[in-house]
Structures are given as C-alpha cells and as structure tokens.
Amino acid sequence: MKESNSQAFRRGFRDGIPIGLGYLAVSFSIGIAARNIGLNAFQGFLMSLLNNASAGEYAGLTVIAANSPYIEVALITNARYLLMSCAMSQRLSPDLSLGHRLLMSYDITDELFGIAISRPGTLNPYYTYGAMVTPLPGWAFGTMLGVIAGNIMSPRMVSAFSVALFGMFIAIIIPPSKQNKVVAGLVTLAFISSFAATCLPWISTLSDGTRTIILTVVLSAGAAFFFPIPTEDETSASTKQ
C-alpha cells in the first residue's frame, strides 16, 4: 500500500526529532565560533537558518574571519552536498516538479540525507519536509544559544557537544550495514581508506575536505559500477522469476 503524503510527513517528522535534538546541542560550537569573530545572536541564528551545514559554516566563519576568497568553500567544502543531491535525485520520481526538488535541496544535510536515502522505493518529498521540521530550527536556535553562551561557558566545554554529531553518523550507517553486506563492506572500506589517506605521501598533504571529496567520488563511483541498484522494473522481473 502506497504511503500518503500526510503519512510520509509524519514519518519524516518522527525520524527527524532525534536529529533536531542532536543539532541543537552540536550547533552550540558553531555559535561559539560565530561569537569569536564578532557575530551577534541574531546574525548567528540567521546564518544557520539559511545555511544548515556544520562543516560549511565552520569554513564560512573561517573565511569571514580571515577575509579570504570563497572559491575553496564553494568547490571543496560544499561539494559533498552536490554529490548527495545527485544521489538523492536518483530516488525521486521522474514526474516530481521542479518546485519540490528545489525545496528538498534546501536542507540536504549529512543526517537528513542518510535517513532519506535509506527509505525503500521512490522517495516521497513530504517525508523530507517532515524530517526538516525539527532539525532546521534546532540548528538555528542552537547556534543562537551558542553565541549567547560564548561569554559564559568555555569554548572547550561547549565543543564537547560535538560528540553528538559522531553519534548521529553511527546511528545512520549501522542499520543499513546490518541489512546489506555491500553497504557494510563499503562502510568498512571507507574507514580504512580515510585512515590510509592521512598517511599516504601525496594525498595526506591535501585538506580534510579535499580528501573527503576524493574518497567519496572514488568509492561511490566504484560502488555504482560494481554493485548497481536495480530499478523497480528489474526488481519486479526478478521477483516474478
């Protein structure tokens, strides 16, 4: 039975609640960084509301503080969002309107992408909308509270909240890895490759963002080539056989 838009929205809302709570805690450190370069609470709130991205915001704050060009942020730090958008586009119905696609692309974070891409079948845009309800304001208000707390709490204490981000990543990759051996193998290979990239002569000299993009492109391209996901028609045909 096909899930209705309201059901998809409610399911997305439910799945997004723990992400939103995690964002509220993790974005404290973003707020501290914003406070250190002179942004006030409202500016921090608006920044996170319009740019819901942890690494991207850290890079943006660094650029603002150093008065540096934006080219590295545009091409390297945020390039993974282009990759995630391309991957998610393969899960959308060909008939989905441009308006829905633009709204969905507004908030493709690592965690929201993870829960959306793990959904079976064609992705209902209302699932994504429901998943955004808690994380988006959670990230923005967390940043605002971090700016306010900047003069009260020590940066080291607030940075400890970033541990929650790793917990969310683990929660995203473990369930699919248990269900699919290919995913489990790729996750393991990603860990090994990431560690090796910090030791190899040439690639270890690159920035963390550049290494991440290279590994993402290589591993995802290899997985798509050797382990392509069957289309719905192919799945139906194999089931009938």
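This is a predicted model: local features need pLDDT of at least 70, side-chain atom pairs count only at pLDDT 80 or more; totals for chains, interfaces and linings use all residues.
A salt bridge is a side-chain nitrogen of Lys or Arg within 4 Å of a carboxyl oxygen of Asp or Glu.

Residues are numbered from 1 along each chain as its sequence is written, and side-chain values use heavy atoms, with hydrogens and water left out.

**View 1. The salt bridge of Arg14 and Asp15.** The side chains of Arg14 and Asp15 meet in a salt bridge, at 3.3 Å from N to O. By the rule given above, the count is one salt bridge. Arg14 is partly exposed, with a relative accessible area of 49%; buried means under 20% relative accessible area, exposed over 50%, and partly exposed in between (1.4 Å probe, protein chains only).

**View 2. The chain as a whole.** The chain has 14 helices and zero strands; helices (H or I, at least four residues) and strands (E, at least two) are DSSP runs, numbered from the N terminus. Of its 241 residues, 35% count as buried. The chain exposes about 14400 Å², and carbon and sulfur atoms supply 68% of this area. Accessible areas come from the Shrake-Rupley method with a 1.4 Å probe, and for residues only the protein chains shown count as cover.

**View 3. A nonpolar surface patch.** Phe9, Phe13, Ile17, Leu21 and Val133 form a nonpolar patch on the surface, with about 400 Å² of accessible area together. Patches are made of residues with over 30% relative accessible area and no salt bridge; like charges are joined within 9 Å, and nonpolar side chains (Val, Leu, Ile, Met, Phe, Trp, Tyr) within 5 Å. Phe9 lies in helix H1, residues 5-36, and is partly exposed, with a relative accessible area of 33%.

**View 4. Ala8 and its contacts.** Ala8 is also found in helix H1 and counts as buried, at 0% relative accessibility. Not counting residues up to four places away in sequence, Ala8 touches Glu3, Asn124, Tyr126 and Tyr127, where contact means heavy atoms within 4.5 Å. The C-alpha atoms of Ala8 and Leu123 are separated by 9.3 Å, although these residues are 115 residues apart along the chain.

View 5. Tyr126 is partly exposed, at 29% relative accessible area, whereas Tyr129 is buried, at 15%.

**View 6. The surroundings of helix H8.** Seven of the eight residues of H8 are buried, so this helix is largely enclosed by the rest of the structure. The buried residues of H8 pack against H1, helix H6 (98-105), helix H7 (110-117) and helix H9 (135-149).
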